[in-house]
Amino acid sequence: MDLLNTLVEKGLRRELPTREEALAVLATSDDDLLEVVAAAGKVRRQWFGRRVKLNYLVNLKSGLCPEDCSYCSQRLGSKAEILKYTWLKPDEASEAAAAGVAGGAKRVCLVASGRGPTDRDVDRVSKTIEAIKEQNEDVEVCACLGLLSEGQAERLRDAGADAYNHNLNTSEGTYGDITTTHTYADRVDTVHQAQAAGLSACSGLIAGMGESDTDLVDVVFSLRELDPDSVPVNFLIPFEGTPLAKEWNLTPQRCLRILAMVRFVCPDVEVRLAGGREVHLRSMQPLALNLVNSIFLGDYLTSEGQAGKADLDMITDAGFEVEGTETTTLPKHRQGGGCGSVCGGESADAPAEAPAEVRAEANAARTDLVSVRRRGAGTDLAPNA
């Protein structure tokens with residue numbers, strides 16, 4: 001297929017595809033799916049070999065968020081029956097992180113619900129980072145605390161944080177349909193603050209919220225321009241009790257096409273398979289390892305993932321290997337700072353007229369696969385790692 005040959009050549013040169021090419025990936029048929037995966041896999045292996053980086057989430061504060069993000073089980077007004085608790089103490093968070101590290105995680109992601117941290121919250125998280133680093137000095141720590149105020153990114157960096165996560169989630173044009181209590185620009189500003197402070201930026205998206213193919217391409221192109229070091233791809237978990245509970249728009253095949261498109265647009269970036277993979281990819285998860293080079297181990301913030309051992313078995317059985325702490329994740333040219341949105345020579349094309357939208361693929365609601373987290377951080381039960 002000429003399209004795939006072109007995309008592979010561009011990916012190996014770190015050259016940006018056109019929007020038409022990205023849209024064409026999403027429009028490919030199920031008959032061509034394995035060819036799409038194989039093509040994107042060539043790009044993935046060029047920059048990351050067969051390594052898979054493991055990341056582990058610690059939910060420092062669950063629920064009780066004042067923001068109205070429609071996709072989130074922790075949102076204002078959510079009726080989802082999730083765990084709700086206030087801040088974990090630094091030793092509790094460190095203990096939870098240790099379970100993930102013991103399971104093979106190279107990065108620990110510290111997440112707290114809320115609009116953004118107070119200075120007291122930053123102090124609290126800083127102590128947690130220090131406690132984790134004291135036990136495991138080689139582990140990477142990423143903070144995800146919402147919108148940052150001036151100087152907070154620098155304080156997190158000084159405490160030992162390696163990265164900061166703040167996702168764009170969806171395209172700028174549709175952001176107001178998903179969230180009204182803050183703006184798309186607020187999110188972009190927080191990522192810029194993290195980068196300016198010298199933190200590795202982590203920013204991604206959520207697919208499956210009823211967006212169009214054009215919306216998906218728009219947010220991924222925006223991420224390429226923003227130039228984070230890692231791009232988490234989440235698939236909506238339609239929690240009962242949230243506004244998007246009835247949005248079951250994804251099939252395993254569509255998820256794989258989305259991941260392939262992200263890899264072609266962000267060839268040399270850590271693409272992370274994040275929340276919702278068990279719900280939507282199901283038995284097709286091993287194929288996704290040909291597209292992503294990073295996954296979360298075990299459970300998520302408010303939902304349970306598959307068993308940590310199952311993750312490790314999946315990686316081995318698919319012919320991949322867990323990335324060790326002695327290995328640097330990013331290619332050499334990206335270390336110490338991103339390559340910018342025009343690495344490889346070609347600048348981003350102006351928005352083009354998109355082809356007719358592909359009909360949304362029907363997918364039966366698998367509510368049986370949405371399992372609320374009842375173990376790990378904030379409980380007396382052992383974590384899944």
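A salt bridge is counted here where a side-chain nitrogen of Lys or Arg lies within 4 Å of a carboxyl oxygen of Asp or Glu. By that criterion, a search of the whole structure finds 27 salt bridges. The model is predicted: local features need pLDDT of at least 70, side-chain atom pairs count only at pLDDT 80 or more, and totals for chains, interfaces and linings use all residues. Residues are numbered from 1 along each chain as its sequence is written, and side-chain values use heavy atoms, with hydrogens and water left out.

**Salt bridges**

- Side chains of opposite charge can pair when their charged atoms come close.
- Glu-323 pairs with Arg-51, and their closest N and O atoms are 2.5 Å apart. This bridge joins distant parts of the chain, 272 residues apart: Glu-323 belongs to the segment after strand S10 (321-322), and Arg-51 to strand S1. Strands (E, at least two residues) and helices (H or I, at least four) are DSSP runs, numbered from the N terminus.
- Glu-323 counts as buried because its relative accessibility is 3%; Arg-51 is also buried, with a relative accessible area of 17%. Buried means under 20% relative accessible area, exposed means over 50%, and partly exposed lies in between (1.4 Å probe, protein chains only).
- Glu-67 forms a salt bridge with Arg-115, with 3.2 Å between the closest N and O atoms. The two residues are 48 apart in the chain, Glu-67 in the loop between S1 and H4 and Arg-115 in the loop between S2 and H5.
- Glu-67 is buried at 6% relative accessibility, whereas Arg-115 is partly exposed at 39%.
- Asp-229 and Arg-334 meet through their side chains in a salt bridge of 3.2 Å, N to O. This pair also links distant parts of the chain, 105 residues apart, with Asp-229 in the loop between helix H9 (213-226) and strand S7 (230-235) and Arg-334 in the segment after S10.

**Helix H4**

- The 13 residues of H4 (residues 90-102) should span 18 Å at 1.5 Å a residue, and the end C-alpha atoms are 18 Å apart, which agrees. The expected span is 1.5 Å times one less than the number of residues.
- Ala-93, Ser-94, Ala-96, Ala-97 and Gly-100 are the buried residues named in H4. They lie on the same side of H4 because they cover an arc of only 160° around the axis, the arc being that of the directions from the helix axis to the C-beta atoms.
- Asp-91, Glu-95 and Ala-102 are exposed on the face of H4 turned away from its buried side.
- The cover over the buried residues of H4 includes strand S1 (51-61), strand S2 (107-112) and helix H5 (119-135).
- Just after H4, Gly-104 adopts a positive phi of about 115°.

**Nonpolar cores**

- A nonpolar core is a set of buried Ala, Val, Leu, Ile, Met, Phe, Trp, Tyr and Cys residues joined through side-chain atoms within 4.5 Å.
- The largest core has 61 residues, and those touching the most other members are Leu-205, Phe-235, Ile-258, Leu-259, Met-261, Phe-264 and Ile-295. Helix H10 (residues 252-265) gives the most to this core, with nine residues.
- A second, separate core of 31 residues includes Trp-87, Ala-93, Ala-96 and Ala-161.

**Phe-320**

- Phe-320 lies in the loop between helix H13 (308-317) and S10, and is buried with a relative accessible area of 7%.
- Leaving aside neighbours within four places in sequence, Phe-320 is in contact with Arg-44, Arg-50, Val-52, Leu-289, Asn-290 and Ile-315, contact meaning heavy atoms within 4.5 Å.
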